[in-house]
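Hello,

Here is the structure I promised to pass on. Please open it first, then read the notes below.

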Amino acid sequence: ELPLSGFRHIAMKVDQATQDGIRDRLAAAGYTEPETYILNHGYCYSLYAYDPAKLLIEFTVDDDRVDQINADMRLAEQALKSMDLLCGIFPKFWKKS
């Protein structure tokens, strides 16, 4: 038996064909939720699966718009920093429309 890992999870960036292949191989091997699942994080799509030592493995594919999403997030971060400097407040949460 494998010892438990000290890590919670590990993420690896892959291309869409690789992620699809991993998903298909997991399904063929009988893996179903909650042992494997996909999440859309908005900036990437992640396929998660547990290895035999219960380490959560993430295979992530960037959204096609990842460069624009990252640029938007940098602008939002700058705006929040400016607000904090001007007003002495720091909003913790905001909704992106």
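Accessible areas here come from the Shrake-Rupley method with a 1.4 Å probe; for residues, only the protein chains shown count as cover. On that basis the chain exposes about 7,700 Å². Carbon and sulfur atoms supply 58% of that area.

Two notes on the source. This is a predicted model, in which local features need pLDDT of at least 70 and side-chain atom pairs count only at pLDDT 80 or more, while totals for chains, interfaces and linings use all residues. Residues are numbered from 1 along each chain as its sequence is written, and side-chain values use heavy atoms, with hydrogens and water left out.

**Overall layout**

The chain has two helices and four strands. Helices (H or I, at least four residues) and strands (E, at least two) are DSSP runs, numbered from the N terminus. Read from the N terminus, the order is β-α-β-β-β-α. Of the 97 residues in the chain, 24% are buried. Buried means under 20% relative accessible area, exposed means over 50%, and partly exposed lies in between (1.4 Å probe, protein chains only).

**The sheet**

The four strands form an open sheet in the order E1-E4-E3-E2, with mixed pairing. E1 (9–13) and E2 are the edge strands. Each has a single partner strand, so one side of each is left without a neighbour in the sheet. The twist averages 20 degrees from one strand to the next. Two strands pair if DSSP finds at least two bridges between them. E1 and E4 (residues 56–62) are a parallel pair with five bridges. Look for alanine 11, which stands opposite glutamate 58 in E4.

**Helix H1**

H1 has 13 residues. Which residues of H1 are buried? They are Gln19, Gly21, Ile22 and Leu26. Seen down the axis of H1, these buried residues fall within an arc of 160 degrees, so they line one face of the helix. The arc is that of the directions from the helix axis to the C-beta atoms. An α-helix has 3.6 residues a turn, so residues three or four places apart point the same way. The face turned away from the buried side of H1 carries the exposed residues Ala17, Ala27 and Ala28.

H1 lies across E2, E3 (44–50) and E4, at about 30 degrees to E3. Axes are lines fitted to C-alpha atoms, for helices over the stretch in contact, and angles run from 0 to 180 degrees between N-to-C directions. E2, E3 and E4 are included in what covers the buried residues of H1. After H1 comes glycine 30, with a positive phi near 95 degrees.

Proline 34 sits in the loop between H1 (16–28) and E2 (36–40). Proline 34 is exposed, at 59% relative accessible area.

Threonine 36 is in E2. Is threonine 36 buried or exposed? Threonine 36 counts as buried, because its relative accessibility is 11%. Beyond its neighbours within four places in sequence, threonine 36 is in contact (heavy atoms within 4.5 Å) with Leu26, Tyr31, Leu47, Tyr48 and Ala49.

Tyrosine 45 is in E3. At 32% relative accessibility, tyrosine 45 counts as partly exposed. Tyrosine 45 and phenylalanine 59 are 14 residues apart in sequence and 8.3 Å apart in space, C-alpha to C-alpha.

Best wishes

Note on methods: The expected span of a helix is 1.5 Å times one less than its number of residues.
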